[in-house]
Each structure stands twice: as C-alpha cells, then as structure tokens.
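Please keep the sequence and the model in view while reading.

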Amino acid sequence: MTDIDKEDLIADTGALHAFNDDIVAKFRANGGEVAEFGADLLVLTTTGAKSGQPRLSPLGYLTIDGKTIVFGSYAGAPKDPAWVHNLRADPRAHIEVGTESYDVLAREVPADERDQLVSKVVALTPVFAEYQAKTSRVIPLFELQRA
C-alpha cells in the first residue's frame, strides 16, 4: 500500500473500515497470514469507547524483549487511530495472532520507557521514524500483556 492510499483511507472512514474488514477476512481465512500486509499481523478487538461495541483492527506488531508491542502511528496522521482511544478508555482487549486467540490487557508505554523503546521500534520498523516526523503528536506505544 502506498502512502497516498494510507492517507486516502484515513480521510475516508468507510473505506478504512472496508479495507480493515478485508484484511481481517484474509487473516482468518489464511491462519493469520496476509501476504500484502508485509509485517507480523494481529487482529485487535477493542470495545468502542462511545458505542460499547466490539471494534476490530488489524495491526502490525513487534516482539521486543519478549513483549508484544503495537503503535498508533495512523501513518503519521495528526490524530490517534480509534483503537488507541478505545484502549485508553478500556485496556481490556482480545487479540488473534496466527491461529491463536486470547485476552490481553493493554498498557500504554509511559514516556520514559517509550523513549528507550523507540530506537528498537525504528530498528525493526524504519517507517515508524517517518510517521513520527510527519506529526506533532507523540505516537503512542502499547504493550499487550496476556490476561
């Protein structure tokens, strides 16, 4: 996916939901493998902060020092993705990784830890630095701990 496509998806929530639904369907049909995603992928189910309804988000993730880390880059958009808002409202969530599925408790990585972790994130996912440079907000990192 090109940066233009990402920006188009961010601007059009209907297109973003359709894109995410397609990725989730491919993920589930192929044992957690989605070739065009190009990263380790998980499906995060949060509870909508306003709606109270389940919300699915396919996300790339990193394993750093044995911890599952996701980040709310939103391709460097000026606002956090909805799943970040949902986790801040209710850190209890569910993830699917490969063919495994389990509950997690999300912990937003505090500023001092985040500063130390960012270099590892950038080493594994260089585009993170590009996304951070595009926005004035601090891109949040979350650790997903098995509940």
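What percentage of the 147 residues in the chain is buried? Buried residues, meaning those under 20% relative accessible area with a 1.4 Å probe and protein chains only (exposed is over 50%, partly exposed in between), make up 41% of the 147 residues.

## Basis of the model

This is a predicted model, in which local features need pLDDT of at least 70 and side-chain atom pairs count only at pLDDT 80 or more, while totals for chains, interfaces and linings use all residues. Residues are numbered from 1 along each chain as its sequence is written, and side-chain values use heavy atoms, with hydrogens and water left out.

## Overall architecture

The chain has five helices and seven strands, where helices (H or I, at least four residues) and strands (E, at least two) are DSSP runs numbered from the N terminus. Their order along the sequence is α-α-β-β-β-β-α-β-β-α-α-β. The radius of gyration, taken over C-alpha atoms, is 14 Å, close to the 15 Å that the globule rule gives for 147 residues, so the chain is as compact as a globular protein of that length; the rule is 2.2 Å times the number of residues to the power 0.38. The C-alpha trace spans about 35 × 35 × 30 Å along its principal axes.

Among contacts (heavy atoms within 4.5 Å) with a separation of 6 or more, 58% come from residues 24 or more positions apart. The accessible surface, from the Shrake-Rupley method with a 1.4 Å probe, comes to about 8100 Å², and 52% of this belongs to carbon and sulfur atoms.

## Nonpolar cores

A nonpolar core is a set of buried Ala, Val, Leu, Ile, Met, Phe, Trp, Tyr and Cys residues joined through side-chain atoms within 4.5 Å. The largest such core has 16 residues, of which Leu42, Leu44, Val70, Trp83 and Ile95 touch the most other members. At least two residues of this core come from each of strand E1 (41-47), helix H3 (82-89), strand E5 (92-97), strand E6 (100-108) and strand E7 (141-146). A second, separate core of 13 residues includes Phe71, Val121, Phe128 and Tyr131.

Leu44 lies in strand E1 and counts as buried because its relative accessibility is 0%. Leu44 and His94, although 50 residues apart in sequence, are 5.9 Å apart from C-alpha to C-alpha. Beyond its neighbours within four places in sequence, the contacts of Leu44 include Arg55, Trp83, Leu87 and Ile95.

Thr68 lies in strand E4 and is buried, with a relative accessible area of 16%. Not counting residues up to four places away in sequence, Thr68 touches Leu42, Tyr61, Leu62, Phe142, Glu143 and Leu144.

Most residues other than glycine have a negative phi. Asp65, however, has a positive phi near 50°; this residue is found in the loop between strand E3 (62-64) and E4 and is exposed, with a relative accessible area of 60%. Ala75, in the loop between E4 and H3, likewise has a positive phi, of about 55°, but Ala75 is buried at 10% relative accessible area.

Gly76 is found in the loop between strand E4 (67-71) and H3 and counts as buried at 8% relative accessibility. Gly76 and Phe128 are 52 residues apart in sequence and 8.5 Å apart in space, C-alpha to C-alpha, and Gly76 touches Tyr131, Lys134 and Thr135, leaving out residues up to four places away in sequence.
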